[in-house]
Amino acid sequence: MSAGLRALLVAVVVVLAAAPFGLPPFAMTLLTEALILGLFAMSLDLMFGYTRLVSFGHAAAYGLGAYACGFMLLHTDMPLLFVVFGAALLTGIVAIGVGWICTLATGVSFSMLTLAFAQLLYAISFKWTSVTGGSDGLAGIPRTAGPFGFDALTSKTGFYYLVLACLVGAFLVCFALVRSPFGAVLRGIRENEAKTIALGYNTRLYKIAVVAVAYALGGLAGALYAPFAGFANTELLFWLLSGQVLIMVIVGGSGTLVGPILGAAFFMLMEHQLSSWTEAWALYFGLIFIAFVLFAPQGIWGVATAWLQRSRNPTRAS
Amino acid sequence: MALLELDGVTRRYGALVALDQVAMAVEEGEVRAVIGPNGAGKTTLFNVITGTVKPTAGSIRFAGQPIAGLPSHQICRLGLSRTFQITSLFPEMSARENARLSAQARHGRRWQPFGGAHIFEEASARADAALKQLGLSGIADTPAGLLSHGDQRLLEVAMALAQQPRVLLLDEPTQGLSVEETQQAVETLAGFLKTSGMTVLLVEHDMEVVFRLAHRITVLHRGAVIADGAPDAVQADKAVQEAYLGGFE
């Protein structure tokens, strides 16, 4: 990480950590959700941006994490902290199976299999009423205290710090991952998988591993959402969310980790602003999305970093 | 014992017999060329040896170990590195990163998901050495997609070399190059082969390239071996002449 980028990220984290002291409760709720969505979008970036594994079913990770977390909070006495990470772990373990099946195919077929798996979970969430609550979903999910009487996370502000810590931690994990030898192989798969195989890499194992990590972190985001919103419903597994998170990644800037977080915040902001003006907000956001794909495919973060570099060494501008 | 031994290797695609009972043995340190008219089965032979295509029948032994039917990444790791007829690189990575990723494939901890500075260092050292052997040090930091076609072909060879293979399989290394580029590439390759003593299996169309580089030639025709021997002997062979001239009838 370059010194400038590190300073910028530290500054952003400090500002985010100070936010509860300056922002009204309503804004804090929006910010918390934006950070959760940011974590969700960043997890997809590992697959989409770094490995060119286009998932049309990333809602599966989010919904599974949310339902698992919600179910455990409702039906057990386990502390929130353990439940959240337990749900993420469970999602990652399930994803090993999902990845194993989906990576039997490549390209569009891979995408369709991820979609099929998400739709399968969506169908299950409707039918398995005793666990999922059917079309009503799980309601009244509490933020439980503990362990040892530790109850900071039961408050909205305390929970916000948990979300922020999860996002920062996940970012550092992803950042280390994409810069490691493992990450170099992912980049090889992205640019030329046939050649990567010919070099002696068992690319399928790498793909299954990255799917598992992406789902675990996506599951963590979902697991944070359930106690944040107090409910988990079938919408969290619906393909619409899978499409929206892809849009967040693309608009923010894929293959950058930071970009998708910005993309998620941008999406939330636009949804909030546009929907206060018009019912057809999705139509206008669609136009914005098309504009990004056509004129700035590198996304918000891509445009910003290019602009920063150009202003720093104007002689090398091309 | 030969380093690479094929016996009765056959590959059928439906009624088409792409390889018909191919037997050949490549000795350590030998530069062997496989030639033959279009559709003779040369590339299929490569694909069968490297495991991208499974043989229908027959045995392939590498250093005495049977490898027919193993997945290609395992065969590669045993010490067979190949280049492709159609240039296959990582276009957005620099030449050095291309060769580094190639060298990393031979590292015991190539999959390490954190840190790994020492793995990159070792792989980079091998990558730089391979680039130097083929005279590519000057373009090490250029993205592979921006290199000239000739340099791209040599970079593929350098990537294979960075793996320090026991056998190097080159599939038409001068494919698509102009006459001057071909001459340059061949001189570079000849110089490298002379000093390194590398065992090479080479598929090539261009006879000048073959006679400049190969110690021994195997001729394929309609999937079968019709001649095998020193370059002069093969050139004088009646069956070979007919196979090549037959293509114009």
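In β7(B), Val167(B) is the residue that bridges to Leu80(B). That pair belongs to a predicted model, which scores ipTM 0.86 and pTM 0.88.

- Strand β7 of chain B covers residues 167–171, runs parallel to β6(B) and is joined to β6(B) by three bridges.
- Both strands belong to an open sheet of six strands, whose order in chain B is β6-β7-β8-β3-β9-β10.
- The pairing in this sheet is mixed.
- β6 (80–82) and β10 (224–229) of chain B are the edge strands; each has a single partner strand, so one side of each has no neighbour in the sheet.
- On average, and with direction ignored, neighbouring strands of this sheet are turned by 20 degrees against each other.

**The contact between chains A and B**

- Chain B contributes 26 residues to the contact, and chain A contributes 18 residues.
- On the side of chain B that touches chain A, at least two residues come from each of α2 (72–79), α3 (95–104) and α4 (117–133) of chain B.
- α2(B) gives the largest share of that side, with four residues.
- By class, the side of chain B that touches chain A has 12 nonpolar, eight polar and six charged residues.

**Two helices in chain A**

- Helix α7 of chain A spans residues 156–179 and helix α8 of chain A spans residues 181–198; their axes are 4 Å apart and meet at an angle of about 70 degrees.
- Angles of 65 to 115 degrees count as roughly perpendicular, and α7(A) and α8(A) are therefore described as roughly perpendicular to each other.
- From α7(A), the contact uses Leu177(A), Val178(A) and Arg179(A); from α8(A), it uses Phe182(A), Gly183(A) and Leu186(A).
- Four nonpolar residues, one polar residue and one charged residue make up this contact of α7(A) with α8(A).

**Confidence in chain B**

- Chain B has a mean pLDDT of 89, with 98% of its residues at 70 or more.
- Among the elements of chain B, α3(B) has the highest mean pLDDT, 95.
- The lowest mean pLDDT among these elements, 76, belongs to helix α9 (residues 238–246) of chain B.

Terms used
Residues numbered from 1 in each chain as written. Chains lettered and ligands numbered in written order. Predicted model: local features only at pLDDT ≥ 70, side-chain atom pairs only at ≥ 80, totals over all residues. Contact = placed C-beta atoms within 7 Å. Nonpolar A, V, L, I, M, F, W, Y, C, P; charged D, E, K, R; others polar. pLDDT = per-residue confidence, 0-100. Pairing = 2+ DSSP bridges. Axes fitted to C-alpha atoms, helices over the stretch in contact; angles between N-to-C directions. Parallel < 35°, antiparallel > 145°, perpendicular 65-115°, else oblique.
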